[in-house]
Amino acid sequence: MSEPLISVIVPVYNVEKYIAACVDSILAQTYTNLEILLVDDGSTDSSGALCDEYARRDVRVRVIHQENGGLSDARNTGMQSAQGTYFAFVDSDDFIAGDYIAYLYGMIEKHHAQIAVCGYQKVYPGDENSCYGTQTDKHNSVNSEKVYRTEEGLRQLLYQRGMITSAWGRLFDASLFMHTDAIQFPVGKLHEDVAVMYKLFGAADTIVCGGEAKYYYLQRADSIVNQQFDRRRMDYIAFTGECIQFMEEFYPSLRKAAVSRHFSACFELLSCIENNSSYRIEYEQLVNEIKKYRHIVLWDANARLKNRLAAAGSYISVTGIRKLSRLFR
C-alpha cells in the first residue's frame, strides 16, 4: 500500500537567516511522499528568492508568492493549494527531526487517529552565525504514546497537560479543516492557533500524543511572545473566551476546563504588561476576567496548581494579582 501524500505548509516572511535550516530539514525526511508548500508572504529580504531556488532543486517544493497578509493568511493560502491527505505546519524559523513526519504518520496509522502530536524542544540561538544555536528545554521527551477520544483529548488540551496550543508539532487529517464549517486561521490576528486548535480537536474522533521531541522551536528575541505587551495580544483572551462558549454549546462537561484555559491566558497577558498606565483598559479587562472566573478555577481540582494558586491570591487585591502574575511569568 502506497504512503499517502502529506502536505507540509511553511509560511515564509523575512527569514533569510533561518529558511535553509527549515527547508533542508523537511527535504531530509525519511517519509518522502511530500509536497512542500512554501508560502512567501510578501518577504522584503531574500527569502522569496531562496524559496524559488529550492523549487528548482526539488520537484516536491512549490512556492506561492503573495502580498503580505500575516501568518494566518499564509497558512490558509497553503491549505487552499494543498493536495495532501494530511497537513503539517512548520514555521519557517524552526526545523524538524529527520523522522518527524514518519513518527507522526506512524502514530496516526497505528491508532487510526486524525491528529498526532509530538513533543518539542526549544532552541536558543548560540551566536549570530548559527540558526541552530544550543538545544535545551525538552518538552514531552518520554518515549510513550497516549490515545484520546475527542472529549478526553480536548480535556488534556484545555488543562494544558503536556500539550501546548500550536499548529506545529502535529499532523492533521486534512478533512478536519472541512468539518461542519471550514476551519481557517483568523487573518490579521495574533495567537491564531488558539482560535482553531480546540475546533480541530473537537472534530477529531481520536488524538494520539507521542512523547518524543521531534520539533525544534527557535526562541527568537524578536518574536511576538517574547516582546513587551501589545494591544493586539488581547486576541488571546478573545479566542479563549470563544472557546468557553464553544464548550458550553458542544461539550458542557468541559466548560470548567475551558475556563481554566481562559484564566491561564489572562494571567499570562497580565504578566506581560510593563506599564499599567499605558494599557489601563486592557489591564482592567484582564483583572475583571480573572475576578469573574477565579471561583471556578479555585475549586476545580483538575485545574493546574499554579492557576488555583493564582485564583486564591487574586482575592487579596489587584496588587496581589499583579505580583502573582509576575511570579508566574
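## A strand under cover

Let's begin with strand E1, residues 6-12, which is mostly covered: seven of its seven residues are buried. Keep in mind that this is a predicted model. Which residues sit on each side of E1? Ile6, Val8, Val10 and Val12 are on one side, while Ser7, Ile9 and Pro11 are on the other, and all are buried. Both faces of the strand are covered, then.

| Partner of E1 | Sense | Bridges | A bridge pair |
|---|---|---|---|
| E2 (residues 34-41) | parallel | seven bridges | isoleucine 6 with leucine 34 |
| E4 (residues 86-89) | parallel | four bridges | valine 8 with alanine 88 |

Together with E1 and E2, helix H1 (residues 19-27) makes a right-handed β-α-β unit.

## Two helices side by side

Now for another part of the chain. Helix H5 covers residues 150-158 and helix H6 covers residues 192-203. Their axes lie 8 Å apart, and the two pack at an angle of about 160 degrees. Because that angle is over 145 degrees, H5 counts as roughly antiparallel to H6. As for handedness, H5 passes H6 in a right-handed crossing.

Where do the two helices meet? On the H5 side, look for Thr150, Gly153, Leu154 and Leu157. What they meet in H6 is Met197, Tyr198, Phe201 and Gly202.

Key. Residues numbered from 1 in each chain as written. Predicted model: local features only at pLDDT ≥ 70, side-chain atom pairs only at ≥ 80, totals over all residues. Heavy atoms only, no water. Buried < 20%, exposed > 50% of the residue type's maximum accessible area, 1.4 Å probe, protein only. Pairing = 2+ DSSP bridges. Right-handed = clockwise from strand over helix to strand, strands pointing away. Axes fitted to C-alpha atoms, helices over the stretch in contact; angles between N-to-C directions. Parallel < 35°, antiparallel > 145°, perpendicular 65-115°, else oblique. Left-handed = near helix turned anticlockwise from the far one by under 90°. Contact = heavy atoms within 4.5 Å.
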